[in-house]
Every structure is written in structure tokens, then in C-alpha cells.
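This report describes how the chains of one assembly are built and how they meet.

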Amino acid sequence: MADVWRHAWLLARKDLLVEFRSRTAILSALVFTVLVLMVFNFGRDPTAVAAVDLAPSILWVTFTFAAMLALNRAFQLELENQALDGLLLAPVSRSSIYLGKLMANLVFVATVEAVGLPLFALFFNVPILHVLGPLLGVIALATVGFVAVGTLFSAMTARTRFAELLLPVLLLPFMIPPLIWAVLATGALLAGRPLSEAAGWLRLLAAFDIVFVTLAFVLFPATVNE
Amino acid sequence: MRLLKTGRWITGVGLALLAAVYVRALAFTPVERFQGPAQKIFYIHVPAAWSAMLAMGLVGIAGILFLLLKDPRFDRFGEASAEVGTAFSMVMLTTGPIWAKPIWGTWWTWDARLTLTLFLFLLFLGYLLLRGAVTDPGLRARYSAVLGICGLVLLPFIHLSVYFFRTLHPQPIVLKPSAPSLPGPMLVTLLFSFLVFTVLYVGFVTQRYALSLLREQAEPHA
Amino acid sequence: MPENTPYMVAAYIVAAAILVTYAVLLYRRTLKP
């Protein structure tokens, strides 16, 4: 059991080293996030709608698209040099591969969110420091949900022809429930409502995470077994 | 091929029974007092929803069974059920708004039921698109099973999210249909329609399954 | 009682059209796979 985690961590480290050494992917994702925030700003009529009303939606749509972008490249690395076969031949269990990918993707998306959140607060004048703790909790839980399913699906779509189009089509229905709870929780927090209200949404997010991480963990071997 | 003939026969019976339901619902079932004739759409929309949900459930279960038992028959069944489910979802997605317009005053609303309808349709489409994108049959079967299972598990979470989203963002409602406590004749019509839609589901899936089998026999794989 | 018969008719026609079309499609596809 400890081996599974150790291997997973080694795999994650390998992925992250490759990603952050070349830096192209992470920088592109960061720039993309900034641009999406800009699109939101110019995509609304400033006289009609106050930013604070739209704030939770803007944040979460941005994070949804950023996560999608990150997940698209999740298995591209392996595709390029037939590295997936090498990975499968290595003496690590399939589950380790899933956990490793999951962790690497989480770090990647978290990095993008770590930059995106302060920029969001800046661009739309949204005070977040007073609820930063709970807000980070919401972001963490929702992100795990997105990435747990996304890692599984990107393993399947990576080898298909229209992967960049197919992954969003398959994944977005699964991102919508966490998105809804995250938006409701963020809205409650930013509006200064008591924590107990947001707690309900957090519980649902946690339940979703537990169910889908487990499910993806169990199903992942079916996607790579020959 | 016998399976195909059985399927066609069942479908034929189903369509004949559908005509019977139509006649009964339109001519021999009382008109509901508050909603008027449009309420009768209910007798088509709700059983179609049942068939679509049944289709989705069976796609998921077929996926589980395929991964456990590796029997390609489950994969063929999943494929058939997904396609048939798409057809019933289209019935839901069209009759739903046509019902909503006179009853709620708007073609679309993000209420729990209509939204779930849309989700189901998109999940079915995703399943079929994934199948279309994978050429290797073994891989396609495994991927479909995975997606089908995930889709099934997602359904309760869809309800748990959309329901809360909806109740906190109420839409203006013109005529709120009360939860029907259906009087006798209406209940009979509804139950009859459930039966007919189930028969149609079985007939369609049988034919579609037979089609997969015929295709495989025409092009045997090494 | 509201007068909304056209909606009822439209829905019944559309539903029948979809189901019958699908039945016909299945029939024709299985004639020559």
C-alpha cells in the first residue's frame, strides 16, 4: 500500500519536473487565465451588472476552463514518445499511475489557481482576504473533483483523434455539479453569510470528491490495460 | 436472424400500443381543470423520461458487468441502450418545453427535471461520440464501460446540485402545476403509457443490438 | 380552463415523429448493415 503512494509520488514528480522545466505549458495556462478574466470583464455591460454579483460565476468559469486546459495536456507527454508503454511496463501498479497523474494535475491546476485568484480579486475589486481560509477550502475541494474525473477521462481521450474537443464534451457534464456547489459556496462566503451555510455545499463537494476519486481509481486500470 | 425479427415484432407491437395510448389519452381521458389540454403532454413526457432513465441505468450496469465479466454482449447492449436512450431523451427535450410554454409561460427553465433531461441527453451523446472516436473494439468497449459507469454515478449528484441551484434562483411561474394526485382514469392512462414506452424500449434495444451483431458478423475481427 | 390545445397537438405529433422515425431508421439499417 505504501508502495502505491511512493510510486505515485515519484511519477508525479517526474511529470512536474518535465512540466516546470520547459515551463511552456504552465506559462500558457497562466496567460490563458489572465485572458479569460479579461474576456469576462469586457464581456459584460459595466453599467448593467455590478461585478460583485457576477464574481462567483466569473471565478468559477475561469477555473473550469483553466482546469480543462490543464487536463488536455495531462497525457500528451506520454503520447509523444510512446512513453505510455514504458510507463505500463514499469513495475508500478496502474493505480499508482492514476494517483501520480492526479497529483501532478492537481499541482498544475493549483498553480494556475494560485495566480488566478489574486488576479480575480484585483480585476474585479472583490475583497477575499476576510474569507480566504474557507474560500481556499472550496477551491481545493472543487478542484479535486474536476481533476479526479478529468484525469480519468483524459487517459481515454488522449489517444482519440479530436482529443481537445472530445475531452470537454465528456468532462463538462461532470464538472457542472461541483461548479454549482462551488459557486453557491463562494457566493455565500463573499456575501458575508455565516459559514454554516457554505458548509452544506462543502459537504456535497467532499462527497463528490470521495465518490469520484474512488471510482476513477478503480476504473483507471480498465483504460490502460491491454 | 431471429433476434432481429423478435425486435421488429416487439417494436411493431409497441408502436401499435402507442397509437392506442394516443387515442386513450386524447379522446378518453378527462381534461385537467387548471392546466387544460396541454396537461396531456404529461402522458407522453413522463414515460419517455422513464425510458431514458432506464436506458441510462442499463448502460451503466452493462458497463459494470462488461468490466467484471469481459463479455462483449454487455458492450453491445450498452451501445444499443445508449442510442435508444438518446431517442427517448429527444422526446423528453421536445415535449418538455412544449409543455412548459403554456404551463409555466416560458419555453425553457432550469428546473430540476428539464435540466436533468438536458444532462441525460448530453451524457448519451458523449457516450456515442466517445465510441465513434475509438476504432479498436476492445478499447472502445472498455472506454464506453468506464464512461457509462461514471455517467450513472453522476446522476444523483446532478439532482443534488441542480435542485439547490434552482430553489435559490426561483423563476417566475405562471401556473404552478401541483404534484398530481391523479384520479383514476388519468392514472390508468399514465400507467398504460409507461408500459408502452417500456415495450418500445425493449423493441428498439433488441433491434439495435441485432444490428451490432450483424455488423460484427459482416466484418469478423481477427 | 386555459385554451392550449395547439401545444398538446404539437407535442403529441413531435413525440410520435421522433419515435416512428427512429423505428424506421432501425428497420432500414438492419435491412443492409
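## Chain B and its fold

In this predicted model, residues 24 or more positions apart account for 80% of the contacts in chain B that have a separation of 6 or more. Chain B holds six helices and zero strands, and its pattern, read along the sequence, is α-α-α-α-α-α. The radius of gyration of chain B is 19 Å, close to the 17 Å that the globule rule gives for 222 residues, so chain B is as compact as a globular protein of that length. The C-alpha trace of chain B spans about 65 × 40 × 25 Å along its principal axes, and 47% of the 222 residues of chain B count as buried.

One residue of chain B illustrates the exposed end of that scale. G184(B) lies in helix α6 of chain B, and it counts as exposed because it has 8 C-beta neighbours inside 10 Å, where 12 or fewer is the cut-off for that class. From C-alpha to C-alpha, G184(B) is 34 Å from T6(B) in space, while the two are 178 residues apart in sequence.

## Contacts between the chains

Two pairs of chains touch, and of these the pair of chains B and C has the most contacts. Chains A and C, by contrast, do not touch, and their nearest C-alpha atoms are 24 Å apart.

Where chain B meets chain C, 34 residues of chain B are in contact with 22 residues of chain C. Four helices of chain B, namely α1 (2–27), α2 (42–69), α3 (72–104) and α6 (184–218), each supply at least two residues of the side that touches chain C. By class, that side of chain B has 22 nonpolar, six polar and six charged residues.

Where chain B meets chain A, 26 residues of chain B are in contact with 21 residues of chain A. On this side of chain B, α4 (112–133) and α5 (137–168) each supply at least two residues, and α5(B) gives the largest share, which is 17 residues. The residues on the side of chain B that touches chain A divide into 23 nonpolar, two polar and one charged.

As for chain C itself, it has one helix and zero strands, and its C-alpha trace spans about 50 × 10 × 5 Å along the principal axes. Of the 33 residues in chain C, 30% are buried. The average pLDDT of chain C is 90, with 94% of the residues scoring at least 70, and the model as a whole scores ipTM 0.92 and pTM 0.92.

| Helix | Residues | Length | Span, first to last C-alpha | Expected span |
|---|---|---|---|---|
| α1(A) | 2–22 | 21 residues | 31 Å | 30 Å |
| α2(A) | 24–42 | 19 residues | 27 Å | 27 Å |

In α1(A), the buried residues are A8(A), L11(A), A12(A), D15(A) and E19(A). Seen down the axis of α1(A), these buried residues fall within an arc of 100°, so they line one face of the helix. An α-helix has 3.6 residues a turn, so residues three or four places apart point the same way. The face of α1(A) turned away from the buried side carries the exposed residues A2(A), D3(A), R6(A), L17(A) and R21(A). Just after α1(A), R23(A) takes a positive phi of about 65°.

In α2(A), A29(A), T33(A), V36(A) and F40(A) are buried. These residues cover an arc of only 65° around the axis, which puts them on the same side of α2(A). The cover over the buried residues of α2(A) includes α3 (51–72) and α6 (94–123) of chain A. On the other side of α2(A), the residues T24(A), L27(A), S28(A), V31(A), L35(A), M38(A) and F42(A) are exposed.

Conventions
Residues numbered from 1 in each chain as written. Chains lettered and ligands numbered in written order. Predicted model: local features only at pLDDT ≥ 70, side-chain atom pairs only at ≥ 80, totals over all residues. Contact = placed C-beta atoms within 7 Å. Nonpolar A, V, L, I, M, F, W, Y, C, P; charged D, E, K, R; others polar. Buried ≥ 20, exposed ≤ 12 C-beta atoms within 10 Å, placed from the backbone. Expected span 1.5 Å × (residues − 1). Arc of directions from axis to C-beta. Rg over C-alpha atoms; globule rule 2.2 N^0.38 Å. pLDDT = per-residue confidence, 0-100.
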